[in-house]
Amino acid sequence: MSMIRKSGDRFSGRIMRKESAMRNIALATVLLLSGAMVPALAASEADFKAAYAAAEAAEKDAGALRNRWTTAEAALAEAKKAAAAGDFDAALAAAKEAEALARASIFQATSEKDRWKDAEIR
Amino acid sequence: MRVRLLFPSALTALALTLLAQLSFAADAPDPVADAKAFQKYFTTKFPKLKPDDFVNGPYSMNEDMHRQWEEKEQFPPYEFALEAGKEMFATPFKTGKTYADCFANGGIGIRQNYPYFDEKEGKVVTLELALNRCREANGETPYSYVKDEMASLTAYMAFTSRGKPMDIKIPNDPRALAAYESGKRYFYTRRGQLNFSCASCHVQSPGERIRAEILAPALGIMNALPIYRSEWSGMGTTSRRLITCNSQTRAVPLEPQSDEYRDLEYYLSYMSNGLPISGPGARP
């Protein structure tokens with residue numbers, strides 16, 4: 001008798017866990033769908049400021065390597081201009097581009113540190 | 001037994017030291033060997049060209065352009081700058097002195113000796129830098145390194161040195177060798193978003209077109225400076241030329257007469273030792 005009860009408890013426990021998992025999946029689906037239907041939040045001034053600071057720091061590192069790119073400088077200027085006009089989406093995108101360009105220039109300077117010798121006339 | 005163990009390790013250490021010395025010797029700057037290999041590269045690449053003709057840049061790379069250049073030289077576009085430079089050179093400063101007082105041989109026929117390594121300063125001194133130092137020493141404000149006044153002065157000084165072989169010296173001073181090596185490194189290092197080095201255009205592709213322009217060979221490139229460029233509708237100094245090259249590869253140019261540019265000029269001029277001064281030049 002006690003063995004039957006024990007086995008029945010295990011069975012009902014499994015059913016309850018299954019129901020709970022199903023509820024979680026349903027909730028996640030609803031949340032995902034609602035998220036997909038709501039447009040992405042516009043970038044804030046804080047987002048821009050964080051991205052701009054990161055880009056500026058990377059560009060400073062490129063400058064220390066004497067290898068800044070005109071395109072990174074232009075993207076930084078563009079970001080600042082867009083932010084001044086209150087267009088933080090454009091400002092954020094330009095700041096991110098500036099950071100990517102600055103990082104590429106750092107990569108170039110680092111990889112060229114010894115590689116230039118391969119091109120030397122000997 | 002111990003002696004037997006020590007002997008091979010001593011041999012290994014000796015071999016490693018020798019190897020290290022050999023690799024150091026291979027990496028140590030050797031300007032004489034470099035210049036020989038540099039000149040051989042270009043004379044082999046363009047076997048029909050007389051060595052002295054390299055100083056004519058793109059005009060030496062193409063027969064049609066060479067004819068155009070010969071005609072241009074009848075009424076050269078740099079003539080006005082030359083006349084202005086001659087007048088400026090002779091005009092006294094507030095102190096009553098002139099540029100002639102700042103240079104050997106009164107500044108006449110000395111272009112081929114610039115840039116030189118100043119052992120007191122421990123740095124390379126270019127002609128443009130020496131001219132501005134002369135102005136400052138006489139209480140005058142320095143000229144812009146990229147504008148007409150500097151181009152006119154250097155044009156006149158180059159003109160008085162035409163035909164003299166470039167004669168750059170690298171003294172036996174580790175700082176001079178370091179400056180030479182720094183110039184070489186700058187020349188071959190890729191930079192800018194377009195990932196070009198000076199050598200990408202002027203070693204790997206002289207005579208080829210980049211858009212509408214024919215690229216000049218690096219050999220003799222300094223001998224023709226300063227230049228009148230039709231593209232600029234005006235004269236350009238060595239500083240202007242280097243700054244423009246950097247911008248064209250989308251690299252932020254360095255400040256005029258920065259150590260890197262001075263070293264680059266030193267290296268490139270040394271590579272052209274023996275080739276005649278042809279400045280001021282004219283370029284498309």
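This is a predicted model: local features need pLDDT of at least 70, side-chain atom pairs count only at pLDDT 80 or more; totals for chains, interfaces and linings use all residues.
Visitor: Axes are lines fitted to C-alpha atoms, for helices over the stretch in contact, and angles run from 0 to 180 degrees between N-to-C directions. With that settled, at what angle do the axes of helix 4 and helix 6 of chain B cross?

Guide: Roughly 90°, and the axes of helix 4 (residues 79-90) and helix 6 of chain B come within 7 Å. Helix 4 of chain B is therefore roughly perpendicular to helix 6 of chain B. Angles under 35 degrees count as roughly parallel, over 145 as roughly antiparallel, 65 to 115 as roughly perpendicular and the rest as oblique. Helices (H or I, at least four residues) and strands (E, at least two) are DSSP runs, numbered from the N terminus.

Visitor: Zoom out. How many helices and strands does chain B have?

Guide: Chain B has ten helices and seven strands. The C-alpha trace of chain B spans about 85 × 50 × 35 Å along its principal axes. Of the 284 residues in chain B, 42% are buried (20 or more other C-beta atoms within 10 Å of a residue's own; exposed is 12 or fewer, partly exposed in between, with C-beta atoms placed from the backbone).

Visitor: Which residues touch the most other members of the largest nonpolar core?

Guide: B:A155, B:Y267, B:L268 and B:M271, in a core of 60 residues. Helix 6 of chain B (residues 148-159) gives the most to this core, with eight residues. A nonpolar core is a set of buried Ala, Val, Leu, Ile, Met, Phe, Trp, Tyr and Cys residues joined through C-beta atoms within 7 Å.

Visitor: What does B:M271 touch?

Guide: Leaving out residues up to four places away in sequence, B:M271 touches B:A35, B:F38, B:A218 and B:L219.

Visitor: Where is B:Y270?

Guide: B:Y270 is in helix 10 of chain B and is buried, with 23 other C-beta atoms within 10 Å. Beyond four places in sequence, B:Y270 touches B:P31, B:A35, B:I168, B:I170 and B:Y180. B:Y270 and B:Y114 are 156 residues apart in sequence, with 9.6 Å between their C-alpha atoms.

Visitor: Is B:T249 buried or exposed?

Guide: Buried, because 20 other C-beta atoms lie within 10 Å of B:T249. B:T249 sits in the loop between helix 9 (238-248) and helix 10 (259-271) of chain B. Residues up to four places away aside, B:T249 touches B:R191, B:G192, B:L194 and B:F196. The C-alpha atoms of B:T249 and B:S197 are separated by 8.3 Å, although the two residues are 52 residues apart along the chain.

Visitor: Switching to chain A. What does its secondary structure come to?

Guide: Four helices and zero strands in chain A. Buried residues are 23% of its 122 residues.

Visitor: How do helix 2 and helix 4 of chain A cross?

Guide: Their axes come within 8 Å and cross at roughly 20°, helix 2 of chain A being residues 45-64. The two helices of chain A are therefore roughly parallel to each other.

Visitor: What classes do the residues of that contact in chain A divide into?

Guide: The contact of helix 2 with helix 4 of chain A has 14 nonpolar residues, one polar and seven charged.

Visitor: Last one: how many residues does the contact take from chain A and from chain B?

Guide: 14 residues from chain A and 20 residues from chain B. Helix 3 (70-84) and helix 4 (88-115) of chain A each supply at least two residues of the side of chain A that touches chain B. The largest share of that side, three residues, comes from helix 3 of chain A. The residues of that side of chain A are four nonpolar, four polar and six charged.

Note on methods:
Residues are numbered from 1 along each chain as its sequence is written. Chains are lettered from A and ligands numbered from 1 in the order in which they are written. Two residues are in contact if their C-beta atoms, placed from the backbone, lie within 7 Å. Ala, Val, Leu, Ile, Met, Phe, Trp, Tyr, Cys and Pro count as nonpolar, Asp, Glu, Lys and Arg as charged, and the others, Gly among them, as polar.
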